[in-house]
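Biologist: I'm new to reading protein models. Could you walk me through one, feature by feature?

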Amino acid sequence: GTPSAEMLEDAEAKVVSIIRAAQRSDRSLTMRDACLQWVQSLRHGRTRVFGSGISDLDFAIGGAGVGEMIVIAARPSHGKSAFALDWLHNAATAGVPCAIISEEMAAIELGKRAMLRFASIDQDLLNADTADFLEEEVKRHYGTKAPIFIAEHCNTIAKAETSIRRYAENGAKIVAIDYLQLLSASGRQRHEQVAEVSRRIKLAAQRYDIAILALSQLNRGIEDRTIFQPKLRDIRESGAIEQDADAVLFLIWPWAAWFDSDDDKEKKKSPEPDKREYRILIGKNCRNRRTNKRKIVINFDCERMTFSGNDPYPRQTDEVDRFFAPQKAV
């Protein structure tokens, strides 16, 4: 009952995996060899870790390293797609080819969102009359940047693996998946399917020597808490995701949380937050890097879909913080 195209893609991914495994097993690798490989990467200036462009975040977790799966988790409408795209655009500006496997948005929607970053024309004036000018702006903006490849309609983890391999062969070093729970895999139960997707994403990062930003939904239960603060167990549909992840970033847009809340009593206690404020909580960091900071407050321009640091907001009142992840609870 499986479509032939899907079977072929799955077989292709497995064949590539077998070939690579055979190449690695041609000789015994020692710890000495591994250390020398790392020293060689330093000597030749090979970049192994890629920053987000947000200095506070890069200081906090040390960036995204090749072979790592960085989970970016948030409730719907909290800007996780915009956050991942911002990371990719910063990397591309630094000359690092990237890719995004987009199950959430079509390529044309991604294009429109990306244009909001740099278009000098107001959104209300984006029409046929300004198309020629916008075309020149696009060519100018991307003329000096590394490519950001887009894959649509992957649907399954097998198709996603095929896309990851092809982009890695074309030089991509960071791949974003938007989002993990939209990819299907084998397994009778939903949690088994999500666990399989998570495991294969992590293995793909290691196999193709790339960093993967895996976007993930959070459970609705967080919205019923007195304090809007995610925990690792809130990652939706499978505990395997938190186990496979090298780092987990929880994204909170206080304005969206306040606006969507049905708790009028808490709303009265907590005044409406500034729409520009954005918070990142470090739920987990890579095993080989220390965590320098657990909570980061940055600026979010929701009109341009861009993020910037560093801690632009003064310390908020206890009334606001009681509702939105207070410092003492982090």
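Biologist: Let's start with a pair of helices. Which residues in α4 meet which residues in α5?

Modeller: Keep in mind that this is a predicted model. On the α4 side, the residues are Ser81, Ala82, Leu85, Asp86 and His89, and they meet Leu110, Arg113, Ala114 and Arg117 of α5. Sorted by class, that contact has 4 nonpolar, 2 polar and 3 charged residues.

Biologist: Okay, and how do I describe the way two helices sit against each other?

Modeller: The general idea is that you give two things for packed helices: the angle between their axes and the distance between the axes. Here, α4 covers residues 80-93 and α5 covers residues 107-118. Their axes come within 11 Å and cross at roughly 65 degrees.

Biologist: Is α4 roughly parallel or roughly perpendicular to α5?

Modeller: Angles of 65 to 115 degrees count as roughly perpendicular, so α4 is roughly perpendicular to α5. As for handedness, the crossing of α4 and α5 is right-handed.

Biologist: Can we try another pair? At what angle do α7 and α8 pack?

Modeller: Helix α7 (residues 157-169) packs on helix α8 (residues 190-207) at about 15 degrees, and the axes are 10 Å apart. Since angles under 35 degrees count as roughly parallel, α7 is roughly parallel to α8. The crossing of α7 and α8 is right-handed.

Biologist: And which residues of α7 and α8 meet there?

Modeller: From α7 you have Ile157, Ala158, Glu161 and Ile164; from α8 you have Val197, Arg200, Ile201, Ala204 and Arg207. By class, the α7 contact with α8 has 6 nonpolar, no polar and 3 charged residues.

Biologist: What about phi? Where is Asn155, and what is its phi?

Modeller: Asn155 is in the loop between β5 (148-152) and α7. Its phi is positive, about 65 degrees, although Asn155 is not a glycine. Met305 is another case: it isn't a glycine, yet its phi is positive at about 60 degrees. You'll find Met305 in the loop between β10 (295-301) and β11 (306-308).

Biologist: Is Met305 buried or exposed?

Modeller: Buried means under 20% relative accessible area, so Met305 counts as buried at 18%. Asn155 has 38% relative accessibility, so it counts as partly exposed.

Biologist: Now cysteines. How many disulfides does the structure hold?

Modeller: It holds 0 disulfides.

Biologist: Let's zoom out to finish. How many helices and strands are in the chain?

Modeller: The chain has 12 helices and 11 strands. It has 330 residues, and 48% of them count as buried. Taking contacts between residues at least 6 apart in sequence, 71% join residues at least 24 apart.

Technical notes
Residues numbered from 1 in each chain as written. Predicted model: local features only at pLDDT ≥ 70, side-chain atom pairs only at ≥ 80, totals over all residues. Heavy atoms only, no water. Disulfide = S-S within 2.5 Å. Axes fitted to C-alpha atoms, helices over the stretch in contact; angles between N-to-C directions. Helix = DSSP H or I, 4+ residues; strand = E, 2+ residues; numbered from the N terminus. Parallel < 35°, antiparallel > 145°, perpendicular 65-115°, else oblique. Left-handed = near helix turned anticlockwise from the far one by under 90°. Contact = heavy atoms within 4.5 Å. Nonpolar A, V, L, I, M, F, W, Y, C, P; charged D, E, K, R; others polar. Buried < 20%, exposed > 50% of the residue type's maximum accessible area, 1.4 Å probe, protein only.
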